[in-house]
Amino acid sequence: MESGYYNYRKEAQSLDSILKGRKKILEIGVGTGLLAEKVLELNPNYEITGIDFTPAMLDRSKARLGNRAKVVEANVLSMDLQESFDGIYSHGGPAGVSRVGKDYHLYSFLPNWEDSVKMLNNIARHLVDGGLLVLSIQGEETDADGEQDIGKGIVYEQQKHLSFLENQEM
Ligand SMILES: C[S@@+](CC[C@H](N)C(=O)[O-])C[C@H]1O[C@@H](n2cnc3c(N)ncnc32)[C@H](O)[C@@H]1O
């Protein structure tokens, strides 16, 4: 699943094709619930739980998802949900993958490697045997797609910022 905040329907389709056949799903870093909502529109049979450690985001996701999903305040580092999931995904959330050229790097919002390992262990603890962890891939910034009208008068555009990096002494 590719990361991006402008085409949730496409990302939901990609996620649904990966998760097919799995029922109990956890989204880590559910945010305002936009992606979970689109996934549920494709297949209302998913039992989705979303966690997030930002109360303002949880207010929005609770309002958006209502009783279609369970939303819980928790930090992925310390969550202890007392249940296991068939699939766990993070889309722009605490863990992800970034693509640089042909290389793929695991990234996390956490400040150090030890916490990232702790997070992965805690995620694994919440998966059933054979459960799947799905991470979105953040591609290199590109201006190839041009401007996209994403509604409500907002225009989304990605641009390369490599010139900034190229000018830094490494
Ligand atoms: C960029 S938003 C993405 C939201 C949603 N997944 C989406 O695609 O729209 C990232 C979310 O991850 C949450 N988050 C970051 N680190 C977290 C952590 N350690 N535990 C729980 N949530 C976290 C933030 O509060 C934020 O709501």
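Helices (H or I, at least four residues) and strands (E, at least two) are DSSP runs, numbered from the N terminus, and two strands pair if DSSP finds at least two bridges between them. This is a predicted model, in which local features need pLDDT of at least 70 and side-chain atom pairs count only at pLDDT 80 or more, while totals for chains, interfaces and linings use all residues. Residues are numbered from 1 along each chain as its sequence is written, and side-chain values use heavy atoms, with hydrogens and water left out.

**The sheet**

Three strands form an open sheet with mixed pairing, in the order β6-β5-β8. Its edge strands, each pairing on one side only, are β6 (103-108) and β8 (137-138). Strand β5 (residues 95-100) pairs with β6 in the antiparallel sense over six bridges, and S98 stands opposite H105 in β6.

**The ligand**

The table gives polar contacts, pairs of N or O atoms within 3.5 Å.

| Protein atom | Ligand atom | Distance |
|---|---|---|
| Y8, polar side-chain atom | oxygen | 2.7 Å |
| N75, side-chain N or O atom | nitrogen | 2.9 Å |
| F53, polar backbone atom | nitrogen | 3.4 Å |

Of the 600 Å² of accessible area that the ligand has on its own, the protein covers 89%, by the Shrake-Rupley method with a 1.4 Å probe.

Note on methods:
Polar contact = N/O pair within 3.5 Å; in protein donor to acceptor, adjacent residues only side chain to side chain.
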